[in-house]
Amino acid sequence: MLDCGNIFSRIPLHVPDEVFDEVIAGQNLRVERIISKGHSTPRGTWLCQNKNEWVILLKGSAGLLFEDADELIVLKPGDYVSITVGTKHRVEWTDDTQETIWLAVHYD
């Protein structure tokens, strides 16, 4: 079976909430497209996932903060980061003038 498409298609005009679209999934792997526009992790909240995550920023910009780091990581198109299972992190900001499009790979 052939499955093809374009990661930049079906972008909503308004993004009041972050959009999470599953691209492909298997037993130990899930790939999702995330669309943000001015979104961030709520203050005082840390994300801590039960799978490893590799994320690449395709469009827009974003700032990531890790609990054990002093510096904010600023991502622009083409930048990626690997997040080991159990690592506390948060999205401090995403571009509010355009969509920020991420591709996230979750794996064991």
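User: How many aromatic pairs does the structure hold?
Analyst: This is a predicted model, with residues numbered from 1 along each chain as its sequence is written. Local features need pLDDT of at least 70 and side-chain atom pairs 80 or more, totals for chains, interfaces and linings use all residues, and side-chain values use heavy atoms, without hydrogens or water. Rings of Phe, Tyr and Trp (its six-membered ring) pair with centres within 6.5 Å. The number of aromatic pairs here is one.

User: Are the rings of Trp54 and Tyr80 stacked, edge-to-face or tilted?
Analyst: Their centres are 5.3 Å apart.

User: How many residues apart in sequence are the parts that the pair ties together?
Analyst: Trp54 belongs to strand E3 (residues 52-59) and Tyr80 to strand E6 (residues 80-83); strands are DSSP runs of at least two residues, numbered from the N terminus. The separation is therefore 26 residues.

User: Is Thr94 buried or exposed?
Analyst: Thr94 sits in strand E7 (residues 89-94). Beyond its neighbours within four places in sequence, Thr94 has contacts (heavy atoms within 4.5 Å) that include Ser36, His39, Ala62 and Trp102. Its relative accessible area is 5%, so Thr94 is buried.

Terms used: Helix = DSSP H or I, 4+ residues; strand = E, 2+ residues; numbered from the N terminus. Buried < 20%, exposed > 50% of the residue type's maximum accessible area, 1.4 Å probe, protein only. Phe/Tyr/Trp six-rings, centres within 6.5 Å; stacked < 30°, edge-to-face > 60°.
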